[in-house]
Amino acid sequence: MNAIRGVSSVFRFEWKRSFSVPRMVWWFLLTSFPPALFGMIRLLIDRPSAGSSGADAMEFTIPIGVTILCPGVVCIMGVFLWATPAITSELQGQSWVYLAVRPHGAISVLLGKYLVAVTWTLPAGLIASALSVLILAPEDPGRLVWVQWRLVLLSCLSYAAVFTLIGVVFTRRTLAVGICYVIFVEVFLSMIPAVVNTFTIQFRLRSLLVRWMGWNEPGFSDMPMAQPFQAYFGNESDWWHLGMLLGTTAALLVAATLILGRRQFTTSAETDA
């Protein structure tokens, strides 16, 4: 019970700090980037007429484009800047020793900052995805918005857990390690059509996109654009991908808390001495 109160206290404290001017400016930039980009594209490119091959291609490219920028770029960058330096900031601020001696103090800080990373980024992803869909597909936005909102939520939960673990394991060059992870694992490995890409979060999110959009249904099998998706994302159900994603998130958080409870950290003041 004390641990839960500690997490809520850290969450409230960090949440109030998130309303500073620099962080709100960054939140606004994250939120407005995808709609602004898609708005420029909509102004420069005419929408193809219904029934044409271009319209069939747009039926696939719009959800993919929104997924790349909103559950992808916006959510990754948002939780990255909050969750990755969660422990490093305490070590550099020389407040770690006071947290470590309090009952459940370290775990409360870790989980509290994890929740702040998720809840701070989640509205940005939800707003950005909704505006992007309304710009690109104003005729029938309901289904696509609902799909994107679920992907945004899962993306925030999963990536925040990944960066939290990275912040616990790597207390030096933490941001650099996080950037390398995103580039090598979530961009490079996730695009390889092999077993290795199933270990990435991007693979699970893209697989859920395919199933929630109905691209794996028999009605889409005759469309040329559907064949690569069906071959690339396997035959597992959406519940399987959802369970794997949530299970991985829980496992990462458990690993981060266990490592944090056993590891001895050195503050910057002790290093200088």
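## Exercises on a predicted model

At 38% relative accessibility, Arg-17 counts as partly exposed. The structure is a predicted model, and the exercises below begin with this residue.

**Exercise 1.** Determine which residue meets the side chain of Arg-17 in a salt bridge, and describe the pair.

*Solution.*
- Step 1. The structure holds 1 salt bridge.
- Step 2. It joins the side chains of Glu-14 and Arg-17, with 3.3 Å from N to O; the cut-off for such a contact is 4 Å.
- Step 3. Both residues belong to helix 1 (residues 2–17), and because they are 3 residues apart there, about one helical turn separates them.
- Step 4. Glu-14 has a relative accessible area of 5% and is therefore buried, while Arg-17, at 38%, is partly exposed.

**Exercise 2.** State how helix 7 and helix 11 are oriented relative to each other.

*Solution.*
- Step 1. Two packed helices are described by the angle between their axes and the distance between the axes.
- Step 2. For helix 7 (residues 142–169) and helix 11 (residues 238–262), the axes come within 9 Å and cross at roughly 25°.
- Step 3. Helix 7 is therefore roughly parallel to helix 11, since angles under 35 degrees count as roughly parallel.
- Step 4. The crossing of helix 7 and helix 11 is left-handed.

**Exercise 3.** State how helix 9 is oriented relative to helix 11.

*Solution.*
- Step 1. Helix 9 (residues 201–212) packs with helix 11 at an angle of about 150°, and their axes are 9 Å apart.
- Step 2. Helix 9 is thus roughly antiparallel to helix 11, because angles over 145 degrees fall in that class.
- Step 3. The crossing of helix 9 and helix 11 is left-handed.

**Exercise 4.** Describe the backbone and the surroundings of Arg-173.

*Solution.*
- Step 1. Most residues other than glycine have a negative phi.
- Step 2. Arg-173, a residue other than glycine, has a positive phi near 55°.
- Step 3. Arg-173 is located in the loop between helix 7 and helix 8 (174–188).
- Step 4. With 71% relative accessibility, Arg-173 counts as exposed, because the cut-off for that class is over 50%.

**Exercise 5.** Identify the residues that make a nonpolar surface patch of about 620 Å², and classify Leu-44 as buried or exposed.

*Solution.*
- Step 1. The patch is made by Phe-33, Leu-37, Ile-41, Leu-43, Leu-44 and Ile-45.
- Step 2. One of these residues, Leu-44, lies in helix 2 (residues 21–44).
- Step 3. The relative accessible area of Leu-44 is 70%, so Leu-44 is exposed.

Definitions and conventions:
Residues are numbered from 1 along each chain as its sequence is written. This is a predicted model: local features need pLDDT of at least 70, side-chain atom pairs count only at pLDDT 80 or more; totals for chains, interfaces and linings use all residues. Side-chain values use heavy atoms; hydrogens and water are left out. Patches are made of residues with over 30% relative accessible area and no salt bridge: like charges are joined within 9 Å, nonpolar side chains (Val, Leu, Ile, Met, Phe, Trp, Tyr) within 5 Å. Accessible areas come from the Shrake-Rupley method with a 1.4 Å probe; for residues, only the protein chains shown count as cover. Helices (H or I, at least four residues) and strands (E, at least two) are DSSP runs, numbered from the N terminus. Buried means under 20% relative accessible area, exposed over 50%, partly exposed in between (1.4 Å probe, protein chains only). Axes are lines fitted to C-alpha atoms, for helices over the stretch in contact, and angles run from 0 to 180 degrees between N-to-C directions. Angles under 35 degrees count as roughly parallel, over 145 as roughly antiparallel, 65 to 115 as roughly perpendicular and the rest as oblique. A crossing is left-handed if the near helix is turned anticlockwise from the far one by less than a right angle, and right-handed if clockwise.
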